[in-house]
Amino acid sequence: MILALKILQFFLGFVFKLPPAAALFLTRLAGELTFQVAHLTPIKGTTAKNIKRVFLKLNGDQLADRLLRNVSLAIFELLSVPFFKEAHFERLCRINGREKIDLALAKRQGIILLLMHTGNYELTPAFLSSLG
């Protein structure tokens, strides 16, 4: 497994030498291909069944597909973070109230961030670190 990750990171190193739009497109494509494979495995059925147990009135199959697609993309985005430059973060992340963060940091005060639990929120620490 570790060897597979090393090989994948080797290829990602080349992908992220491309312009940001192209690199992120290929990242999304890899996530979509991973979803298409995962969609055919028993994990899709297990996920759908678990969703149906908790949310009786919702379409478990549809939600399982959405979940697997999002997780597949998130995996590739997280594996790509070591290669991200500012332009990559600008395309993926948005921050509201940046001036308030800068002001608090200038005063050497702490801050509390409120995040929505949507998208790939795991990118937040790397994104904030990229801001300086």
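Modeller: A crossing is left-handed if the near helix is turned anticlockwise from the far one by less than a right angle, and right-handed if clockwise. We're looking at a predicted model, where local features need pLDDT of at least 70, side-chain atom pairs count only at pLDDT 80 or more, and totals for chains, interfaces and linings use all residues. Residues are numbered from 1 along each chain as its sequence is written, and side-chain values use heavy atoms, with hydrogens and water left out.

Colleague: Okay, which hand does the crossing of helix 3 and helix 4 have?

Modeller: That one is right-handed. Helices here are DSSP runs (H or I, at least four residues; strands are E, at least two), numbered from the N terminus. Helix 3 covers residues 42–54 and helix 4 covers residues 60–80.

Colleague: At what angle do helix 3 and helix 4 pack?

Modeller: About 120°, with the axes 8 Å apart. That makes helix 3 oblique to helix 4 (under 35 degrees is roughly parallel, over 145 roughly antiparallel, 65 to 115 roughly perpendicular, the rest oblique). Axes are lines fitted to C-alpha atoms, for helices over the stretch in contact, and angles run from 0 to 180 degrees between N-to-C directions.

Colleague: Which residues of helix 3 and helix 4 meet?

Modeller: Contact means heavy atoms within 4.5 Å. From helix 3 come Ile43, Lys44, Thr47, Ala48, Ile51 and Lys52, and they meet Gly60, Asp61, Leu63, Ala64, Asp65, Leu67 and Leu68 of helix 4.

Colleague: Is Asp65 buried or exposed?

Modeller: Asp65 counts as buried, at 19% relative accessibility (buried is under 20% relative accessible area, exposed over 50%, partly exposed in between, with a 1.4 Å probe and protein chains only). Leaving aside neighbours within four places in sequence, Asp65 is in contact with Phe35, His39 and Lys44. Asp65 and Gln36 sit 29 residues apart in sequence but 9.4 Å apart in space, C-alpha to C-alpha.

Colleague: And how do helix 1 and helix 4 cross?

Modeller: At roughly 75°, with axes that come within 10 Å, and they are therefore roughly perpendicular to each other. Leu5, Leu8, Gln9 and Leu12 in helix 1 meet Phe76, Leu79 and Ser80 in helix 4.

Colleague: Which residues make up the largest nonpolar core?

Modeller: In soluble globular proteins, nonpolar side chains tend to be buried together. A nonpolar core is a set of buried Ala, Val, Leu, Ile, Met, Phe, Trp, Tyr and Cys residues joined through side-chain atoms within 4.5 Å. Here it has eleven residues: Leu12, Val15, Phe16, Ala23, Leu24, Leu79, Phe84, Phe89, Cys93, Leu123 and Phe127. Helix 1 (2–15) and helix 2 (20–38) each give two or more residues to this core.
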